[in-house]
Amino acid sequence: MASLAPYWRTYAEFWRLNFLTLAEYRANFFVWLVFTLVLHGSAIATIWLTMNRFPIMNGWTWQQVVFLYALYWLASSLNGTLFFTVGDVPWHIREGRFDRFMVRPLDPLFQIISQPGQIWPDELIVATIFFAIVQGLVHLQWTIGVAGLLLGAMVGGAFIDFAIQLAVATLAFWVVRLDTLRWVVMSLETDFTRYPLSIYNRVVRFTLSFIFPFAFINYFPASTLLHKTAQGDYAVNPLLGWLTPLIGALWFTAAYLFWRRGLDHHQSTGS
Amino acid sequence: MIISADRLTKQFRTLRRKEGPLGAIATLFSRDYEIKDAVRDVSFKLDAGELVGYIGPNGAGKSTTIKMLTGILVPTSGTCTVDGIVPWADRQANGRQIGVVFGQRTQLYWDLPLIESFQLLRAIYNVPAATYERNLREFTELLGLDEFIRTPVRQLSLGQRMRGDFAAAMMHEPKVVFLDEPTIGLDVVAKENIRQFIARVNRDRGTTFILTTHDLADIEKLCARIILIDHGRKLYDGSVETIKGRYGRNRTLTADLNCENCDDVRITVPGANVVSREGPRIVIEFDRDAVRADELVVKLAQHYELRDVTIAEPPLEAIIRDIYQHGLGDGSVAARDGLLVTADVETVS
Ligand SMILES: Nc1ncnc2c1ncn2[C@@H]1O[C@H](COP(=O)(O)OP(=O)(O)OP(=O)(O)O)[C@@H](O)[C@H]1O
Ligand SMILES: [Mg+2]
């Protein structure tokens, strides 16, 4: 293992350059921010409208379902801030630009996530503010344990999100076009993380727990935090909420090993 | 010896597309692959400090070879080492010691001023501050970067961008530099600037270069040695002088005669032919080995008054074009002369 110095230096340089472009792309920044707010605002409005019709969903109040959303947003915006550019991999490969990452002395995945671009932590900040409001709605009782579980859910959840996106992007080493697959996985994630897992059938529950473990991003930690053990016919072990960092680490490791195989399979382009 | 390639082979496997109305679906489930031999059994050795031209027609396998030497592609069979490292087995160690310029594709950051790309590369390659400062100063001077170093890369002209790319590839002082068509699309002045830069770095720092190009003037100005490949196979590996000596045996003699009926001028020397005439100017092509130039001139002078005479050897371009078109098959002059270099005949290391 070579020295880590170039990694943190590059990473610091990457953030410096991101902020350098902020001034130049101010308009773009605001458009993104407004887009993000509208997107999440409408998702939250949908939840609110749905909850108006079914005031209690398997024992979850509307505040608690919104909390579920806030927790998911926290993790996914952390993933979006740190690892957003992994989604560019298929495009880099197809356009022949990926070769460059393979001839430099740092891990190509690290280079991908530290590609200077228009990446700012704006969404993470908004998501944090939103979470701060929502935790009041559900009267979260803060203890060291609660804070630890939340941190684990946020970071571990970001890694779950990242791992799934990395695995999908890695397929690009074998398959030229995978826009459809990416779209399917993304909707699976955004649609099924909105409501308590207990309202879905067994196939969905299994898929979201053990294949694409999005339930560990928000549902299991929220169940633990809000003491929701029995939900209709579905019983949730409160320990599951603590497993998010472990699941994140496992899935990320698997995705990374898959990625390494992908690198050796890289075929580049003809010109 | 700094680079050794041993029977490098790369096959690309592409799905054969199915025809017909359900072609796309059929292709999806098809196992019908087409195998393309991009590079086959290519071996060579390079000494540190060499500057070698790697040439061949379009699709010959040049870029594919470079990609194996730089660790981008894993070969189907065969192996190679770059200063003792197998590139694809340890990409990061290899990355530290090589520099790469792809003429078609920049490594600079589009939205950032040139200098910021250098800063980022400095961090990526962990270049010590003093080394970075010294190289930046030297490259800025040699490549004239100061006019545009603060300009965002997307606003640079192709020539400016290429100069920036060269500096970027050399900032960490690589031992070996791979150049894949580095002068493509440049004007004569920019080409000359780049060539001088390569020659200078090669001379002053002993950096080894492998260069692919379709502009043979690059080779004539820079390389003592060429490796020529076609259809993935190595055809020739040796000095530029030798290939010129063996293949470029034709000479052209251009003479301005003092003649009245210039159209009647005849040459009766066997092996020499008049290829064009234009007023008093006559151009004769002859085989250097069959005809002695002095005899030809004497013969001409016996019959006509000579105002001006020049004898030229063919440019490398014409020689290579001839090889691309007619190959070096077994019946060729090259094979008869024992010039066809096979994998086991190598330069000393
Ligand atoms: N990624 C790829 N997938 C499939 N075939 C490829 C790929 N890359 C190259 N080839 C094929 O391999 C052969 C060699 O290509 P290569 O790019 O090495 O040629 P080249 O000598 O660099 O040519 P040029 O002078 O046109 O750049 C070509 O027939 C090309 O079509
Ligand atoms: Mg090429």
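Modeller: In this predicted model, strand E6 (residues 176–180) and strand E7 (residues 208–212) of chain B are joined by 5 bridges and run parallel to each other. Within this pair, Phe178(B) stands opposite Ile210(B) of E7(B). In general, the strands of a sheet pair through backbone hydrogen bonds, in either a parallel or an antiparallel way.

The pair belongs to an open sheet of 6 strands in chain B, whose order is E5-E6-E7-E3-E8-E9 and whose pairing is mixed. At its edges are strand E5 (98–102) and strand E9 (233–239) of chain B, each of which pairs on one side only. From one strand to the next, the twist averages 15°.

Helix H6 (residues 158–170) of chain B lies across E5, E6 and E7 of that chain, and runs at about 165° to E5(B). Helix H9 (residues 240–247) of chain B also packs on the sheet, where it touches strand E8 (225–230) and E9 of chain B, and the direction of helix H9 makes about 105° with that of E9(B).

Turning to the ligand, residues from both chain A and chain B surround ligand 1, and the site is therefore shared between chains. There are 17 residues around ligand 1, and those that come nearest are Gly59(B), Lys62(B), Ser63(B), Thr64(B) and His214(B). By residue type, the shell divides into 4 nonpolar, 10 polar and 3 charged residues.

Some contacts can be described atom by atom. From chain A, a backbone N or O atom of Gln267(A) lies 2.9 Å from a nitrogen atom of ligand 1. From chain B, a backbone N or O atom of Ala60(B) lies 3.1 Å from an oxygen atom of the ligand, while Glu181(B) places a polar side-chain atom 3.3 Å from an oxygen atom of ligand 1. Ligand 1 taken alone exposes 640 Å², of which the protein buries 79%.

The largest share, 3 residues, comes from H2(B).

Methods. Residues numbered from 1 in each chain as written. Chains lettered and ligands numbered in written order. Predicted model: local features only at pLDDT ≥ 70, side-chain atom pairs only at ≥ 80, totals over all residues. Heavy atoms only, no water. Pairing = 2+ DSSP bridges. Helix = DSSP H or I, 4+ residues; strand = E, 2+ residues; numbered from the N terminus. Axes fitted to C-alpha atoms, helices over the stretch in contact; angles between N-to-C directions. Contact = heavy atoms within 4.5 Å. Near = heavy atom within 4 Å. Polar contact = N/O pair within 3.5 Å; in protein donor to acceptor, adjacent residues only side chain to side chain. Areas by Shrake-Rupley, 256 points an atom, 1.4 Å probe, with all protein chains shown as cover. Nonpolar A, V, L, I, M, F, W, Y, C, P; charged D, E, K, R; others polar.
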